[in-house]
Amino acid sequence: MACDPMVVNVMIMMIICCLWTVVIFRASADVDDHVRLQHPLRKHDGSLSFLVVGDWGRRGNYNQSQVALQMGRIGEKLDIDFIVSTGDNFYDKGLTSEHDSAFEESFTNIYTAKSLQKQWYTVLGNHDYRGNVEAQLSQILRKMEERWICFRSFLLNAEIAEFFFIDTTPFVDKYFTDPKDQTYDWSGVLPRKNYLKKALQDLESALRESSAKWKIVVGHHTIRSAGQHGDTQELVNQLLPILEANSVDFYMNGHDHCLQHISSLSSSIQFLTSGGGSKAWRGDITELDEDNLRFYYDGQGFMSVELEPTNARIVFYDVFGEILHTWSASKDFCTI
């Protein structure tokens with residue numbers, strides 16, 4: 001008897017989801033190991049597409065809901081595989097616990113489009129460290145909301161691309177030496193020197209071993225930026241040399257509440273900021289001493305990424321879903 005194609009497709013997706021869940025469970029079982037996740041490709045052509053958004057969690061305010069609406073529309077159009085969050089997930093001071101209503105009010109009840117009911121691979125931002133960090137990392141949240149995937153630093157293998165998520169907040173000196181009136185939750189980070197050493201060693205080792213066609217590093221803080229915060233010097237000194245030595249293609253971040261694209265003049269790295277998930281319009285821009293500023297938008301929006309084995313396409317959208325900037329490249333990074 002012939003099988004209904006729709007039933008077969010549903011069964012295939014259920015198997016993929018089960019496999020993905022098993023990988024997550026195993027990765028979470030030993031917190032001392034560098035977390036490695038798998039995201040199987042589901043498209044027959046071997047392509048991958050996803051959205052990137054950061055600095056968003058404001059209970060729908062500051063146009064967060066409008067950005068979410070357009071993300072849903074573009075996500076459906078591109079048939080995205082997942083979403084990447086570049087941190088500062090809950091303002092102003094992260095979550096107080098796993099049961100903080102801000103989780104539902106800023107995430108579950110905002111990103112409701114069908115196309116956004118995919119895995120959200122998430123890093124922590126400096127505002128998240130002002131709350132209960134363990135709450136965002138908790139398996140309780142993952143049970144409440146299966147699409148929420150948040151670790152401090154982790155690796156995601158999506159076959160044609162590997163993503164290296166790194167926890168950048170502990171690198172920034174001023175949060176330790178001059179926190180002003182802010183309190184940060186450094187549980188799991190201290191002693192800091194050991195934490196940073198291990199984070200860099202794990203990243204360098206994973207990048208060196210990677211054979212992925214595309215290498216993508218994701219962190220909250222900027223490395224290169226023309227926005228309010230500018231370059232993060234600690235990352236320029238400690239992280240950037242590792243990225244350059246291991247042929248990283250893209251560094252994706254938030255922190256500056258804007259959208260921007262900077263091309264390195266000394267390597268193939270493209271610096272992509274997607275920090276316009278809610279509050280923006282700071283009204284300032286700084287000059288870059290080096291590198292090539294291809295695009296800067298001091299407003300709200302998000303970014304899409306489409307990858308094929310030899311081609312990449314990056315698109316930035318504003319709060320109305322209008323295209324602001326497009327950049328395409330082949331694997332040899334000759335701009336098309």
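The legends below describe several close-up views of one predicted protein model.

**Notes for all views.** In this predicted model, local features need pLDDT of at least 70 and side-chain atom pairs count only at pLDDT 80 or more, whereas totals for chains, interfaces and linings use all residues. Residues are numbered from 1 along each chain as its sequence is written, and side-chain values use heavy atoms, with hydrogens and water left out.

**View 1. The protein as a whole.** The protein contains nine helices and 15 strands, where helices (H or I, at least four residues) and strands (E, at least two) are DSSP runs, numbered from the N terminus. Of the 336 residues in the protein, 58% are buried, a word used here for a relative accessible area under 20%, while exposed means over 50% and partly exposed lies in between (1.4 Å probe, protein chains only). Among contacts (heavy atoms within 4.5 Å) between residues at least 6 apart in sequence, 72% join residues at least 24 apart.

**View 2. A group of annotated residues that includes Asp55 and Tyr91.** The unreviewed UniProt entry places the feature "binding site" at Asp55, Asp88, Tyr91 and His257; these residues are spread over 203 residues of sequence, yet they cluster in space, with a largest C-alpha distance of 13.0 Å. UniProt positions are given in the numbering used here, with feature names shortened, and annotations may be inferred rather than shown by experiment. Asp55 lies in the loop between β2 (48-53) and α2 (64-78) and is buried, with a relative accessible area of 0%. The side chain of Asp55 reaches the backbone nitrogen of His255 at 3.0 Å. Tyr91 belongs to the loop between β3 (82-85) and α3 (102-108) and also counts as buried, at 9% relative accessibility. The side chains of Tyr91 and Asp55 make a polar contact (3.1 Å), a term for a pair of N or O atoms within 3.5 Å, of which, within protein, one must be able to donate a hydrogen and the other to accept it, and for which residues adjacent in sequence count only if both atoms are side-chain atoms. Not counting residues up to four places away in sequence, Tyr91 touches Asp55, Trp56, Gly57, Arg58, Arg59, His127 and His257.

View 3. Asp88 lies in the loop between β3 and α3 and is buried, with a relative accessible area of 1%. His220 is found in the loop between β8 (214-218) and α8 (233-238) and counts as buried at 0% relative accessibility. The side chain of His220 makes a polar contact with the side chain of Asp88 at 3.3 Å.

**View 4. Helix α7 and its two sides.** Helix α7 (residues 192-209) has 18 residues and reaches 26 Å from its first C-alpha to its last, close to the 26 Å expected at 1.5 Å a residue; the expected span is 1.5 Å times one less than the number of residues in the helix. Its buried residues are Arg192, Tyr195, Leu196, Ala199, Leu200, Leu203, Ala206 and Leu207. Seen down the axis of α7, these buried residues fall within an arc of 135°, so they line one face of the helix, the arc being that of the directions from the helix axis to the C-beta atoms. On the other side of α7, Lys193, Lys197, Arg208 and Glu209 are exposed.

View 5. Helix α2 has 15 residues and reaches 21 Å from its first C-alpha to its last, close to the expected 21 Å. Its buried residues include Val67 and Gln70, and what covers the buried residues of α2 includes β2, β3, α3, β4 (120-122), β13 (301-307) and β14. After α2 comes Asp79, whose phi is positive, near 50°. Val319, in the loop between β14 (311-318) and β15 (323-330), is buried with a relative accessible area of 7%. Leaving aside its neighbours within four places in sequence, Val319 is in contact with Asn63, Gln66, Val67, Gln70, Gln300 and Gly301. Val319 and Gln300 are 19 residues apart in sequence and 5.5 Å apart in space, C-alpha to C-alpha.
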